[in-house]
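Please view the sequence and the model together.

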Amino acid sequence: MSKNFATETLSLLATWIAFSSLCACTQPVVEENHALREQGLALCRAGKLKEAAALFNNKLAVDDKSADAHCGLATVYSAKFEEDKAIAEYDRAIELNPGLEEAYNDRGNEYLAKDLYDQAIADYTKAISLGPQHYVHWYGRSCAYRKKGEFAKARMDATEGISRAPRYAPLYLCRARAEQSLNLPNEAQADVGIALSLPASSVYEFNTIAGYLWDVGNPSLAVKQYDKVIALDPKDHGAYSARSDCYAAMGNLAKARADLNLAARYAPEPDWYKVSFLTLDDLDYDAAHGVSLPMRWALACSALMFTKHDEGCNSLRGDAATEENNDTEREALAEWWGIESREELLDQLKALQGDGGFNHTWKEYVKYQTNGMQLDQLLDVTSDIASGDFSNRMSVVEKYGQEFGARGILAWDLCRYVCLVRWGFRLGFVSEQEANELLLPVAKRLRSNYSSWQQMGEEYLVGRRFWSEEHWKKDEKEYSRIYKMLLTEKNSPWMKIPWDTDLGAAATSKAKP
């Protein structure tokens, strides 16, 4: 399976915050040897991490008590995504100089990258106490509060930062994210508008704007921001990689590969983007092995899940036919579904197509809510009470049960059915002809129960939340991004394949052998 873009973006974000905190403050921070750190950071920005590390280590060889050199070496580790080593160096710098403001800020960035929100908040708070005029500390703490789920505090800190730097776009985007979570859509929209209207000038600003546009499912606009990053720094490997992901999401695989080649050329380590190249190999295979239009309509029903895993919806497989991909799929099917054979696959498909999936449990909850039936008549509900899943599932049913009516969460069961057929085909459990015969009736059933890709996708996501609150919270933002992109990006399966496509035509495969 290929990489998850969101994880890489978080690491890059942490790195660029660390860089920016040293040079973006409204007033300079007193350091014992500012010139040394500036020299080292210039080397880092140029991708010369070994030279930067040597610079700081040489200083430490003659003066191990140089807090500034320890702080600089920490920045090198940060650029290499070695958070634990970076934190250890920041610890030493702070031990030597408890008033080194930037060390607290940048150690907070490392804690944020590791999802250690309380530690990050404590460090940002200390940095604020030392330099309340510096907006980067307010910005960092706002990010940490938002990640922790304390959105009101995140909004207040972003506002404090804006009062100190009213023309710094990332602060408005940070506040907009908090406002979206606080269900303040008008305020969030206004802040996004301000952010996009400001004359951004730094690499970090353009990266942050691009990251926001990616997160809201708009890779086309994100590309334009990464263009600006690259114009300022033609050797920024992270920007090339991120722009490559945008082009891949837009269906322009040639440009995606060209950018990835540049990312690999300028990366400090030669194998940083190895997995990314495998992702493009998968998408190239998928594009070259397209099936008939009715079959592609059926495959598009799995677009949320397959896009999440950087896989396509033009071919039955969706990825390259490699031993590594097949082994990964075999392990995943066994772990998540308990499927290790053709017979087990067909049994599960039969259950999903009938009333043996989660839609059965949903309907039990609807009965419980509307009729007050005895729990001994509702085995799934009783089981959920024992396991602790009842509260979440009941809240979802209370919100959507009446709206969904008799179909319940059919989209959740049947879209996963489509995924299972595709995974079974990869492993040779079903042939291509069998896959066609299994998929088209389910595609027609989905089309008859829903009125659009939008409705089907929305109800699939509700089904996912009903299935697991834990996984819903973990992946909610990523699925939201993919959902919006599928509905708006012109080369997405949902945009290219009309909902009212004739599914009665013969599903003769056009796939290459």
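**A guided reading of the model**

Asp 115 is partly exposed, since its relative accessible area is 41%; here buried means under 20% relative accessible area, exposed over 50%, and partly exposed in between, with a 1.4 Å probe and protein chains only. The residue sits in the loop between α6 (101-113) and α7 (117-130). Helices (H or I, at least four residues) and strands (E, at least two) are DSSP runs, numbered from the N terminus. This is a predicted model, in which local features need pLDDT of at least 70 and side-chain atom pairs count only at pLDDT 80 or more, while totals for chains, interfaces and linings use all residues. Residues are numbered from 1 along each chain as its sequence is written, and side-chain values use heavy atoms, with hydrogens and water left out.

The backbone of Asp 115 deserves attention: its phi is near 65°, a positive value in a residue other than glycine. Most residues other than glycine have a negative phi. Asp 310, also not a glycine, has a positive phi of about 60°. Asp 310 belongs to the loop between α18 (303-308) and α19 (323-337), and with a relative accessible area of 21% it is partly exposed.

A further loop position is Gly 428, between α24 and α25 (432-449). Gly 428 counts as exposed, at 57% relative accessibility.

The chain as a whole comes next. It has 28 helices and zero strands. Its radius of gyration is 25 Å, close to the 24 Å that the globule rule gives for 513 residues, so the chain is as compact as a globular protein of that length. The radius is taken over C-alpha atoms, and the globule rule is 2.2 Å times the number of residues to the power 0.38. Along the principal axes, the C-alpha trace spans about 75 × 55 × 40 Å.

Of the 513 residues, 53% are buried. Among contacts (heavy atoms within 4.5 Å) between residues at least 6 apart in sequence, 66% join residues at least 24 apart.

How many aromatic pairs does the structure hold? There are 19 of them. Rings of Phe, Tyr and Trp (its six-membered ring) pair if their centres lie within 6.5 Å; planes under 30 degrees apart count as stacked, over 60 as edge-to-face and the rest as tilted. Tyr 135 and Tyr 168 form a tilted pair, 4.6 Å centre to centre with 50° between the planes. Tyr 135 lies in helix α8 (residues 135-148) and Tyr 168 in the loop between α9 (151-164) and α10 (169-181), so this pair ties together parts 33 residues apart in sequence. Both Tyr 135 and Tyr 168 are buried.

The rings of Trp 412 and Tyr 460 have centres 5.0 Å apart and planes at 50°, so this pair is tilted. It links distant parts of the chain, with Trp 412 in helix α24 (residues 410-426) and Tyr 460 in helix α26 (residues 453-467), 48 residues apart. Trp 412 and Tyr 460 are both buried. Elsewhere, ring pairs link Trp 362, Tyr 365, Tyr 368, Phe 390, Tyr 400, Phe 404 and Phe 466 into a cluster.
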